[in-house]
Amino acid sequence: MIRARKAVERLQEYHPPLEGRAGMLRLDFNENTVGCPPGLVRAFRRSISPEWFARYPEYQEGCAELARYFGVSPEEMLLTNGVDDAIKLICDTFVDPGDVLAVPSPTFSIYRFFHDLAGGRTKLVPYSKNLEFSAKDFLAAAGKRARWVAFANPNNPTGTLIAKSDLKTILEALPNTIVLVDEAYFDFSGVTILPWFRKYPNLIVSRTFSKAYGLAAIRTGFLFANTRLAALLKRAHAAFAVNAAALACALEAIRHEESVRRYAQMICKNRERFLKQLEAMRIPYAPTASNFVLTRTGPRAHEIAIRLRKQGILVRDWSYDPHLKGYLRMTIGTTSQMRRLAEALERLRHLMETQDGSSTWQDLVTYSPTGWFA
Ligand SMILES: Cc1ncc(COP(=O)(O)O)c(C=O)c1O
């Protein structure tokens, strides 16, 4: 019998998202809920031809323009097939079997997925009970031996931010460890440490056009690091990992920056309004700086997600995760989309566990430490 590598056999079972999302109100994947700027699609259509499809991509000029947009040099930036590919690239470049990745928990699962796939071991460091992050506690739990550490900032699925001072402490305490700060949701938080990679040779920052820019289907991600680290990453990157459509759309996207900014501002306004509605419904939620919110709807969360789906509304159900049972993550959309969600939640309120008082997110997280994962 042909067997997979041991690391593959050991991987945790993956729970793919439900398909059939077209035509639904998609509040389950933190996507842009209205689509990318329509002018981008028109420009892309004009730019393609049969000859264009036949050619292998050329990156140099386009990447130089994208680097200028981010205020870095082309030698400090990599264009990747989404941030997922960027995370895999970090593992391909730096992770040997047995190496350790330390991450806060819960967080974006792809760090662990590619690290474990490379034969590494992942150490999960649980957030405190009220979802606060402390660099001191993280460092004490993670130890000094980690090959890399990864922080989504804001974090997914919690939406919470790690303070810049904590990131600084970690960067300085672990000079021989790669520190990935994943700013996938930067456009909604406005918080960045991107320029710090010039000061900290162990820092890698990632960004994506999958969220505010509305290009999740096209797959456009970015890594930023000092030229030495970036050169190592480039050495391990497949020559044509990013397709020409992704590059063309990314270049068009930066010409529509104003419309992306307006979208992000609208989402932030709707987020604040929706949080107030959650409070009015006494549904606990985590403080969020992103385009989604993690809510605790209680033991019947799965049923609530199914009932919402029947009404054409998709939210992210975490019931399969033993540490996030009872939680639903909801993407923030337009005013009318959020009205529709709030009305649907109101109708399902009898199924929810609600809390008294105004401290709605206190003791939101009920998972327990899981420690080493082999
Ligand atoms: C924290 C974080 N990083 C990266 C990604 C994936 O980005 P991309 O679509 O560029 O692969 C996501 C997607 O949900 C995310 O939540």
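**Around the ligand**

A: In this predicted model, helix 5, which covers residues 82-94, supplies three residues to the shell around the ligand, and this is the largest share. The shell holds 13 residues, and those that come nearest to the ligand are Gly82, Ala152, Asn156, Thr208 and Ser210. Sorted by class, the residues around the ligand are five nonpolar, six polar and two charged.

The chain that provides this shell contains 14 helices and twelve strands. Its radius of gyration is 21 Å, close to the 21 Å that the globule rule gives for 374 residues, so the protein chain is as compact as a globular protein of that length. The C-alpha trace spans about 55 × 50 × 50 Å along its principal axes, and buried residues make up 44% of the 374 residues.

Elsewhere in the chain, four strands form an open sheet in the order 1-10-11-9, with mixed pairing. Strand 1 (25-27) and strand 9 (292-296) are the edge strands, each of them pairing on one side only, and from one strand to the next the twist averages 30°. Strand 1 pairs with strand 10, residues 313-317, in the parallel sense over three bridges, and leucine 25 has isoleucine 313 of strand 10 as its bridge partner. Helix 13, made of residues 301-310, lies across strand 10 and strand 11 (327-331), and runs at about 155° to strand 10.

Technical notes
Residues are numbered from 1 along each chain as its sequence is written. This is a predicted model: local features need pLDDT of at least 70, side-chain atom pairs count only at pLDDT 80 or more; totals for chains, interfaces and linings use all residues. Two strands pair if DSSP finds at least two bridges between them. Helices (H or I, at least four residues) and strands (E, at least two) are DSSP runs, numbered from the N terminus. Axes are lines fitted to C-alpha atoms, for helices over the stretch in contact, and angles run from 0 to 180 degrees between N-to-C directions. Two residues are in contact if their C-beta atoms, placed from the backbone, lie within 7 Å. A residue is near a molecule or strand if its C-beta atom, placed from the backbone, lies within 6 Å of it. Ala, Val, Leu, Ile, Met, Phe, Trp, Tyr, Cys and Pro count as nonpolar, Asp, Glu, Lys and Arg as charged, and the others, Gly among them, as polar. The radius of gyration is taken over C-alpha atoms; the globule rule is 2.2 Å times the number of residues to the power 0.38. A residue is buried if 20 or more other C-beta atoms lie within 10 Å of its own, exposed if 12 or fewer, and partly exposed in between; C-beta atoms are placed from the backbone.
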